[in-house]
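Hi,

Here is the structure I promised to pass on to you. Have a look at it first, and then read my notes below.

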Amino acid sequence: MGNPNPRTNRRRSPRRPKNALQQTLGTVRTPASHPMAFEPNPEIDPENTVVYHTAETFVQPGQKVTMRDRLKFALDRAARSSPARLALGVFALFILLITSALMLPISTRSGEVPRFVDALFTATSAVCVTGLSVQDTITYWSVFGQAMIALGIAVGGLGIMTLSSILALAVSRRIGLAQKMLAASERKAESLGDVGMMLRAVIITSALCEGILFAVFFPRFLTLGEGTLEAAWHATFMSISTFNNAGFETIHQGLGHYVEDWWMLMPIAVGTTVGALGFPVVHDVWENLRRPSKWTLHTKLTLTTYGSLAAISAIVIPLNEWNNPRTFGSLTFSGKMANTVLGAVNTRSTGLSAVDISGMKRTTWLMQDIFMFIGGGSGSTAGGLKVTTVAVLILAFIAEARGNRDIEAFKRRIPTETIRVAVSIAIISTITVITAVWILMQMTAYSLDMLLFESVSAFGTVGLSTGIAMDPALADGPKYVFTALMFAGRTGTMTVAAALAMRQHLRLFRYPPESPAIG
């Protein structure tokens, strides 16, 4: 029987059919402020009036919601809505966990409890895959302490690559680059948004690369007279440290004792390169190994810029150090070539060097400052500005010098928004390093070139050192500054890029243009 009130009939809208989830679970009326609340889905609730989605609405009908489902949902929501906070929170939390483990008496060989600042410095260096250390890794830390450092490196490296890719996708969605970044491949943009799938892919890639490095290091340590278990542990630690560009080493007498050992140095150089290129590049190259034309613009820019910087390093460093008795001068030709290859890539991020960095010329330090500040590829374990950022800035300069309207590379046009983000990251990074150097100059009596080198190494998460970090006379204040630099260098450029892109908003008006005098 119809409703006798015609006014009510006119206001009533047709009942929308319930989907399968609503039929099983009923309409979920969760407040938007609820910690598990998710952005309403316009496909289910186009009017955005009834349903707030929670973990319960994203399971199969009748399936019980487990804690794993809730954690996965919360992680996915955080990665999509606040990737910058997720990156900062995860890294800060894990650094504190590793710091707590390193402060246990069983973490040191002597059984003493490390000072908090030393444990924090080491944990930050491990999780941020830097390699700077205030204590010798093999003589001060016990096997347990070394294991905690290796755990920090492994998880930090995985988290860095995963979260970098998530942040890169978040930035791309905001500035409209998703289709352009993936134009040359068949990958779907939303695949990077799937945290679980991305984590699994990165773990498989990392495990494969580290397994190959282990297979190379293990027999070498056996030939040095080490026992099977000791050689296996050292090979495991070095493979994790090398691939993740961490810069820590567990080699008796140090890497400098093997300055002419190709078997020891070449795996480090190769592992450093693969880790510094980044998962997106490695995945893209592997998927389109026989079709380079299908590579994304990101892959092409990364390989081109990284290769160019490596070639410049391989020329400049030997020219400066060839006859230096404290570095290359006392080596045979074979040893010089081995360290030339390693020196071409270790300033990207690895920080492992067989020659004494403190004995290098000041001109070499200056060139290494530049290379360390640039860093490696986006989405990799390397720090710094990233090679794609520098590539975009160089392309913008070339376009301006030629008078071109658009900034182009490999038959693709780079949007203006990308240039603005690149310039912003470069400016913020430069200000951060300059500020840190100024503070350190007030705290210490070291020379400007030494403090600049150490600061750039910390910010670029490289780990090369002139000897300041391990100086017993170094006060706590500078240690905290270097710790902050390592954390900022690892998370800063990612979070800044995401924050800048997410703050963009469309205005309905624009002010009239007027150009100030430039130059």
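Helix α16 passes helix α19 in a left-handed crossing (left-handed if the near helix is turned anticlockwise from the far one by less than a right angle, right-handed if clockwise). Before I go on: this is a predicted model, where local features need pLDDT of at least 70, side-chain atom pairs count only at pLDDT 80 or more, and totals for chains, interfaces and linings use all residues. Residues are numbered from 1 along each chain as its sequence is written, and side-chain values use heavy atoms, with hydrogens and water left out.

Back to the two helices. Two packed helices are described by the angle between their axes and the distance between the axes. Here α16 covers residues 362–374 and α19 covers residues 448–459, and they pack at about 25° with their axes 9 Å apart. That angle makes α16 roughly parallel to α19 (under 35 degrees is roughly parallel, over 145 roughly antiparallel, 65 to 115 roughly perpendicular, and the rest oblique). The axes are lines fitted to C-alpha atoms, for helices over the stretch in contact, and the angles run from 0 to 180 degrees between N-to-C directions. Helices themselves are DSSP runs (H or I, at least four residues), as are strands (E, at least two), numbered from the N terminus.

Which residues of α16 and α19 meet? On the α16 side you'll find Arg362, Trp365, Gln368, Asp369, Met372 and Phe373, and on the α19 side Asp449, Met450, Leu452, Phe453, Val456, Ser457 and Phe459. Contact means heavy atoms within 4.5 Å. By class, the residues of this contact are 8 nonpolar, 2 polar and 3 charged (Ala, Val, Leu, Ile, Met, Phe, Trp, Tyr, Cys and Pro count as nonpolar, Asp, Glu, Lys and Arg as charged, and the others, Gly among them, as polar).

Now for the rings. The whole structure has 7 aromatic pairs (rings of Phe, Tyr and Trp, the last by its six-membered ring, with centres within 6.5 Å; planes under 30 degrees apart are stacked, over 60 edge-to-face, the rest tilted). One of them joins Tyr140 and Trp141: the ring centres are 4.9 Å apart and the planes stand at 90°, so the pair is edge-to-face. Both Tyr140 and Trp141 are buried (under 20% relative accessible area; over 50% is exposed, in between is partly exposed, with a 1.4 Å probe and protein chains only). Trp365 and Phe453 make a tilted pair, 5.7 Å centre to centre with 45° between the planes. Trp365 sits in α16 and Phe453 in α19, so this pair ties together parts that are 88 residues apart in sequence. Trp365 and Phe453 are buried too.

Next, helix α14 (residues 297–321), which has two packing partners to look at. Its axis and that of helix α17 (residues 387–402) come within 9 Å and cross at roughly 90°, so α14 and α17 are roughly perpendicular. His298, Leu301, Thr302, Thr305, Tyr306 and Leu309 of α14 make this contact with Val387, Thr388, Ala391 and Leu395 of α17. Those residues divide into 6 nonpolar, 4 polar and no charged.

With helix α15 (residues 333–345), the axes come within 8 Å and the crossing is roughly 135°, so α14 and α15 are oblique to each other. This crossing is right-handed. Tyr306, Ala310, Ser313, Ala314, Ile317 and Pro318 of α14 meet Thr340, Gly343, Ala344 and Val345 of α15, giving 7 nonpolar, 3 polar and no charged residues.

Most residues other than glycine have a negative phi. Val129, however, has a positive phi near 45°. Val129 lies in the loop between α5 and α6 and is buried at 0% relative accessible area. Thr461, in the loop between α19 and α20, has a positive phi of about 50° and is also buried, at 0%.

Where is Gly375? Look in the loop between α16 and α17. Gly375 is buried, with 0% relative accessibility. Leaving aside neighbours within four places in sequence, Gly375 touches Arg348, Gly383, Gly384 and Val387.

Lastly, the overall picture: the protein chain has 20 helices and 2 strands, and 50% of its 519 residues count as buried.

Cheers
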